[in-house]
Amino acid sequence: MLFEVWAPKAEERVELQLEGERRPLERDARRDGWWAVDAEAGEGARYGFALDGGPVLPDPRSRRQPDGPDGPSAVVDHAAYAWRHPSPSRGLRGAVLYELHIGTYTPEGTLDAAAGRLGHLVDLGVTHVELMPLCPFPGRHGWGYEGVSLWAVHEPYGGPEALKRFVDTAHGLGLGVVLDVVHNHLGPSGNYLPAFGPYFTDTHHTPWGAAVNLDAPGSDEVRAFLLGSALAWLRDYRIDGLRLDAVHALADTRALTFLEELSAAVDELSAEQGRELFLIAESDLGDPRTTRPREAGGLGLHAQWNDDFHHALHTTLTGESQGYYADFARAPLGALAKTLQHVFFHDGTYSTFRGRRHGRPVDRERTPAYRFLAYAQTHDQVGNRATGDRLAASCSPGLLACAAALVLTGPFTPMLFMGEEWGAGTPWQFFTDHTDPELAEAVRTGRRREFAEHGWAAEDVPDPQDPATRDRSCLDWTEPEREPHAALLAWHRRLIALRAAQPDLTDPDLAAVRVAHDESARWLAYRRGDLRIVLNFAKEPARIPLGAPGRVLAAWGDVDDPDGAGVLSLPAESCAVLRDV
């Protein structure tokens with residue numbers, strides 16, 4: 001087989017160490033900086049590259065790191081896996097996503113164990129599983145955003161074969177699979193890319209240090225490296241879509257941006273394979289050009305997370321007003337009404353948190369609503385809190401039911417965070433397993449220092465390196481059998497079934513959404529075609545003037561149809577979905 005590596009930093013020689021034996025690579029006369037050699041090697045053979053007589057390093061394009069990021073690479077024959085099920089090829093219109101962290105979805109923390117729980121998601125009614133990052137990182141447990149070896153699968157999760165089994169099982173159950181990938185930085189430990197070439201540049205600086213090189217000398221090859229990694233997940237593992245972490249942190253000044261190149265390459269692969277593939281961006285820019293088609297001057301990504309919807313909903317439910325919640329908390333129901341109709345709350349308005357105007361309006365006439373994801377909770381919004389507390393820690397079951405109704409009957413593509421569907425009582429905390437003692441201590445003290453600035457005592461902030469922090473974050477699978485969890489789970493199932501059965505709930509027309517609300521009385525109602533969704537966030541019952549008769553299709557609590565005057569009576573902290581009659 002051909003072993004090749006881009007190593008422009010090698011001055012004199014590059015050697016392949018394969019199963020303990022070394023042999024030289026030859027310069028590739030056709031490709032600047034590339035070295036290659038043919039050698040016999042079978043599945044699992046261990047290898048690495050040594051530059052100019054230096055230590056043996058893992059392959060930048062390693063498909064497997066059986067001993068972790070610092071160990072040798074291993075050969076993987078992707079063609080050897082016998083796939084049993086085709087992809088269901090489900091696009092984003094009508095989709096319901098479920099964000100899942102392999103390491104805490106089950107106590108075992110493996111892909112095979114998670115695959116054994118996919119039946120729960122089928123019963124729930126979701127269409128896609130969105131996996132948090134799977135690339136190798138030091139130790140056993142972590143969120144995955146400090147990964148390295150961008151073509152490989154974290155070995156403690158089960159490695160490449162386990163991911164294929166997971167995807168195959170999901171596809172057999174009719175579920176699509178989305179994978180979270182990180183292109184804006186690599187982890188601080190186990191990252192050997194700088195030894196090979198200019199993968200990073202000091203031209204730009206990011207919160208993680210030097211930027212990934214997307215526009216400086218050598219960036220053509222760096223882009224090809226990232227593009228190849230992204231396409232490998234879609235092609236070799238039959239993943240159906242990618243979530244792109246923090247694309248606003250990609251420093252890229254070239255006329256043709258990396259994200260445009262990536263979206264074009266994914267669209268081409270989609271056409272080639274005859275199945276729907278898509279890209280979902282996490283973006284803090286409030287910029288509709290992220291998801292605008294390339295031919296219309298956009299980046300061509302297929303969807304993006306909408307934190308503005310989350311912030312409006314969160315402040316409505318909790319009353320929190322710190323940090324970036326401040327602008328939303330002034331009139332939270334008004335903020336919620338705006339995001340339901342206009343997507344972004346900050347669409348050119350002044351952001352107190354940023355100290356400047358922020359965002360850009362979405363063209364509601366031309367932009368389908370499913371291009372934006374709506375959620376009440378995510379790994380970020382839960383795990384980046386000091387104690388990783390979920391909404392269930394501070395909100396009543398009724399308010400959790402209202403949150404579910406907004407997410408699952410609103411105009412956007414819904415996404416749930418694992419355990420949210422039953423109001424999980426377990427926290428989801430920030431945890432790491434760094435093997436470098438200095439890095440471990442730096443992470444521990446840095447997190448406690450960060451929250452000390454917001455009034456938290458150090459002893460109240462969980463130690464990321466303590467194995468108990470990860471263990472506390474694992475879902476408790478006995479909860480769904482008990483109340484109030486069982487009722488919340490049934491409510492989520494009912495809403496998802498309703499979304500699948502009622503075409504009005506997947507209508508992509510943003511301009512057709514109509515919203516009314518009363519800030520002081522704390523109720524909100526919106527129309528989706530012939531359906532109306534009515535929510536009472538107050539601690540007292542409410543009489544809400546709908547102005548027309550209707551029939552209750554689903555409700556949290558005992559709710560009768562509106563009276564003859566079209567007034568709906570809702571109990572405290574409850575909600576209902578009605579159809580016009």
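Which side chain of opposite charge is nearest to Asp-380, and how far away is it? In this predicted model, the answer is Arg-243, at 4.2 Å. Asp-380 is buried yet has no salt bridge, a salt bridge here needing a side-chain nitrogen of Lys or Arg within 4 Å of a carboxyl oxygen of Asp or Glu. The residue sits in helix H11, which covers residues 379-383. Leaving aside residues up to four places away in sequence, Asp-380 touches Trp-143, Arg-243 and Glu-282.

Salt bridges do turn up elsewhere, and the count comes to 34. One of them joins Glu-320 and Arg-385, whose side chains meet at 2.8 Å, N to O. Glu-320 belongs to the loop between helix H8 (307-318) and helix H9 (326-329), and Arg-385 to the loop between H11 and helix H12 (397-409), so this pair ties together parts that are 65 residues apart in sequence. Both partners are tucked away: Glu-320 is buried, with a relative accessible area of 17%, and Arg-385 is buried too, at 18%.

Another salt bridge pairs Arg-354 with Asp-284, with 3.0 Å between the closest N and O atoms. Here, too, distant parts of the chain are linked, 70 residues apart: Arg-354 is in the loop between strand S17 (349-351) and strand S18 (356-358), while Asp-284 is in the loop between strand S15 (278-281) and strand S16 (303-305). Arg-354 is partly exposed, with a relative accessible area of 27%, and Asp-284 is also partly exposed, at 37%.

H4 is mostly covered, with 10 of its 14 residues buried; among them are Leu-163, Lys-164, Phe-166 and Val-167. The cover comes from elements including helix H1 (102-105), helix H3 (118-124), strand S11 (176-181) and helix H6 (219-236). Just after H4, Gly-174 takes a positive phi of about 85°.

Glu-161 is partly exposed, with a relative accessible area of 30%, whereas Lys-164 counts as buried at 0%. Lys-164 has a further partner: its side chain makes a polar contact with the side chain of His-78 (2.8 Å). His-78 lies in the loop between strand S8 (73-74) and strand S9 (97-100) and counts as buried at 15% relative accessibility. Not counting residues up to four places away in sequence, His-78 touches Arg-63, Lys-164, Asp-236 and Tyr-237.

S1 and strand S5 (residues 34-38) pair over five bridges, with Val-5 partnered by Trp-35 and Leu-2 standing opposite Asp-38. S4 and S5 pair over two bridges, and Glu-26 stands opposite Ala-36. In the hairpin of S4 and S5, six residues lie between the strands, and Gly-33 takes a positive phi near 85°. S5 is mostly covered, with four of its five residues buried. A network of salt bridges links Glu-4, Asp-28, Arg-30 and Arg-31.

Note on methods. Residues numbered from 1 in each chain as written. Predicted model: local features only at pLDDT ≥ 70, side-chain atom pairs only at ≥ 80, totals over all residues. Heavy atoms only, no water. Buried < 20%, exposed > 50% of the residue type's maximum accessible area, 1.4 Å probe, protein only. Contact = heavy atoms within 4.5 Å. Pairing = 2+ DSSP bridges. Polar contact = N/O pair within 3.5 Å; in protein donor to acceptor, adjacent residues only side chain to side chain. Lys, Arg positive; Asp, Glu negative; His and termini not counted.
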